[in-house]
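My notes follow in the order in which I worked.

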Amino acid sequence: MTAVAELARPLMPVEEALERLLALAEKAPITETEHVALAEAEGRVLAHELVAGLDLPPWPNSAMDGYALCLADWQGEPLRVTQRIFAGHAPQPLEPGTCARIFTGAPLPEGADCVEMQENTEVLADGRVRFLEPLALSQNVRPKGQETRVGESVMSAGTRLGPIQLGLAATLGFGTLEVRRQPRVAVLSTGDELVEPGLPLGPGQIYNSNRRLLVSWLQRLGCRVVDAGILPDDLERTRQCLGGLGDVDLILSTGGVSVGEADFLGLALREAGELALWKLAIKPGKPLTFGHYQGVPVIGLPGNPASTLVTFGLLTRPYLLRRLGVGNVAPLSFSVPAGFDWPKAGTRREYLRARIEEGRVRIYKNQSSGVLRSAAWADGVVEVLEGSTPRQGDAVRFIPFSELLG
Ligand SMILES: Nc1nc2c(c(=O)[nH]1)N[C@H]1C(S)=C(S)[C@@H](COP(=O)(O)OP(=O)(O)OC[C@H]3O[C@@H](n4cnc5c(N)ncnc54)[C@H](O)[C@@H]3O)O[C@H]1N2
Ligand code: MOO
């Protein structure tokens, strides 16, 4: 299809763009794995299901600081204390007709079937312990295997490892985990107007914000970033830059994807691969490109900073995670009453930078796709569907940034 024919097509719905990207991701999975220490595994993707190699807890233990006794044999009399059991110590079997001082997490002695917390007991002058409240069998006892049994699958392949998952792996004694290798992503910015922060601005120039935003975000997603800097608005040097990227899994560029005349990235990509210009029914973020450069997938995000943010968060992030075998790549979202009126129906699905205040979602006053400050103010994006005109109090879908940024 020629570029002109591509441009004449109707806008592609967001769902279709996501479906296409996920299908492309499934055709290019990153399957190599490596073993990493738990300390290095944050943000990575589990390569295989994790199977428990021990029971959790490995033995019955006490849930309270108190006294362990054998309720089945007890007649209600005060009991002599015959041992003290601390967490980390192996107990002796319980002497019949006695109790054991026990602390939270300590193994229950053989023969005990009940623990009473110390607050409900009284230590008599002769050292015996009187139980002040009615007791029940197994009370305050955490049975062996209560949480997990040997051989049980506790996490499936494709699980993203965050603090909770790493904590669970640690409880089962795993020192290392087998994870998918990190995707290598080359980040390119295009545009002669761009200057790196810290340097002086010349006439007509602006600071490159997309690069910092994407590099940090990709690192959070567990990617290894090849920071390829700013592409010059020059075909030969663009070719050289692409040729020097090395072995990467994805080339991610921003800018130069609309209908501008200085689209040297597009030219260079078409020479050495192919490139499709998608026009999405999304705002911000309408023009998005997908293609290949010498077989390496390329995603070109629109250059406006809020457009980069939305198309990365809603489309590129799921694409990358799916390449790593993550099944559920949809961010959690919830319905909130609108704290704004949206009187003019749009032809594109809008993702307004918004925050929740007093149970209603409020939108930043300037929703221009060039305004990144809108997102820095916001806690997430609120979705306004094509053709819809939500009013104050109507239910709208809110996607928190916390769901997208990790
Ligand atoms: N005639 C048309 N013009 C435009 C269309 C269209 O359909 N027809 N689409 C508009 C939409 S929507 C968007 S979004 C932008 C996308 O433009 P590009 O992706 O080609 O990006 P640029 O033109 O290079 O830049 C757009 C804007 O963003 C600034 N920018 C670019 N890169 C960065 C960066 N790394 N850091 C900070 N800011 C950046 C750039 O200076 C421009 O202001 O096209 C519309 N035009
Ligand atoms: O859709 Mo573009 O991303 O707004 O300006």
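**Ligand 2 and its surroundings**

I began with the shell and found that ligand 2 is surrounded by Pro 284, Gly 285, Lys 286, Asn 304, Ser 307, Arg 348 and Ser 369. I keep in mind throughout that this is a predicted model, and that each distance below is a value computed from it.

Sorting the shell of ligand 2 by residue class, I noted one nonpolar, four polar and two charged residues.

For Arg 348, I read 2.6 Å between an N or O atom of the side chain and an oxygen atom of ligand 2. Asn 304 also contributes through its side chain, with a polar atom 3.2 Å from an oxygen atom of the ligand. At Lys 286, by contrast, I had to turn to the backbone, where an N or O atom lies 3.2 Å from an oxygen atom of ligand 2.

**The four-stranded sheet**

I next traced an open sheet of four strands, whose order I wrote down as β5-β6-β4-β7 and whose pairing is mixed. At its edges I found β5 (80–85) and β7 (114–117), each of which pairs on one side only. Ignoring direction, I noted that neighbouring strands of this sheet are turned against each other by 30° on average.

Which strand does β5 run parallel to, and how many bridges join them? I found that β5 is joined by five bridges to β6, residues 98–102, and that the two run parallel.

Notes:
Residues numbered from 1 in each chain as written. Chains lettered and ligands numbered in written order. Predicted model: local features only at pLDDT ≥ 70, side-chain atom pairs only at ≥ 80, totals over all residues. Heavy atoms only, no water. Near = heavy atom within 4 Å. Polar contact = N/O pair within 3.5 Å; in protein donor to acceptor, adjacent residues only side chain to side chain. Nonpolar A, V, L, I, M, F, W, Y, C, P; charged D, E, K, R; others polar. Pairing = 2+ DSSP bridges. Axes fitted to C-alpha atoms, helices over the stretch in contact; angles between N-to-C directions.
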